[in-house]
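Visitor: Hi, I'm new to this one and would like to be walked through it. Could you put it up on the screen for us?

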Amino acid sequence: MPTGTGHTTAIRASRVIGTNVYNTAGEKMGEIEDVMLDKTSDKIMFAVIGFGGFLGIGEKYHAVPWSLLDYDKENGGYTVGFTRQQLEQAPVHSISELTENDGRKVRDMSFSYYKVDKAA
């Protein structure tokens with residue numbers, strides 16, 4: 001389902017990974033580390049945003065519903081409508097936890113935290 005800016009126009013996942021994520025104030029929040037797909041449907045489960053850390057050490061991974069990311073051509077990255085503090089308080093996961101139980105637990109925690117309907 002497209003967002004307000006229609007960012008769902010086709011793009012290779014490999015081009016999305018590494019893209020910066022900003023809040024609406026233009027502050028860099030992190031970058032997209034991965035995109036989790038539901039392999040039995042045509043849906044993106046969530047984006048994995050890496051936050052904090054240095055050179056991969058101490059980095060935290062947050063699952064963010066894809067529908068909350070808008071592509072901003074001017075910044076060359078994605079924009080989210082929440083603050084750094086909200087991201088810091090969001091559920092944190094290890095890389096291996098992101099796919100446990102087919103990713104459903106992480107997806108459900110993320111959608112609940114950000115108040116997004118799972119059907120979206």
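Guide: At 12% relative accessibility, Tyr114 counts as buried, where buried means under 20% relative accessible area, exposed over 50% and partly exposed in between, with a 1.4 Å probe and protein chains only. This is a predicted model, in which local features need pLDDT of at least 70, side-chain atom pairs count only at pLDDT 80 or more, and totals for chains, interfaces and linings use all residues. Residues are numbered from 1 along each chain as its sequence is written, and side-chain values use heavy atoms, leaving out hydrogens and water.

Visitor: How many aromatic pairs are there in the whole structure?

Guide: A search finds four, counting rings of Phe, Tyr and Trp (its six-membered ring) with centres within 6.5 Å; planes under 30 degrees apart are stacked, over 60 edge-to-face and the rest tilted. Phe82 and Tyr114 form a tilted pair, 4.9 Å centre to centre with 35° between the planes.

Visitor: What does that pair tie together?

Guide: Phe82 lies in the loop between strand 6 (77–80) and helix 2 (84–89), and Tyr114 in the segment after helix 3 (104–113), so the pair ties together parts 32 residues apart in sequence. Helices (H or I, at least four residues) and strands (E, at least two) are DSSP runs, numbered from the N terminus.

Visitor: And which residues do ring pairs link into a cluster?

Guide: Those are Trp66, Tyr71 and Tyr78.

Visitor: New topic: is Lys115 buried or exposed?

Guide: Lys115 is exposed, at 74% relative accessible area, and has a positive phi of about 55° although it is not a glycine.
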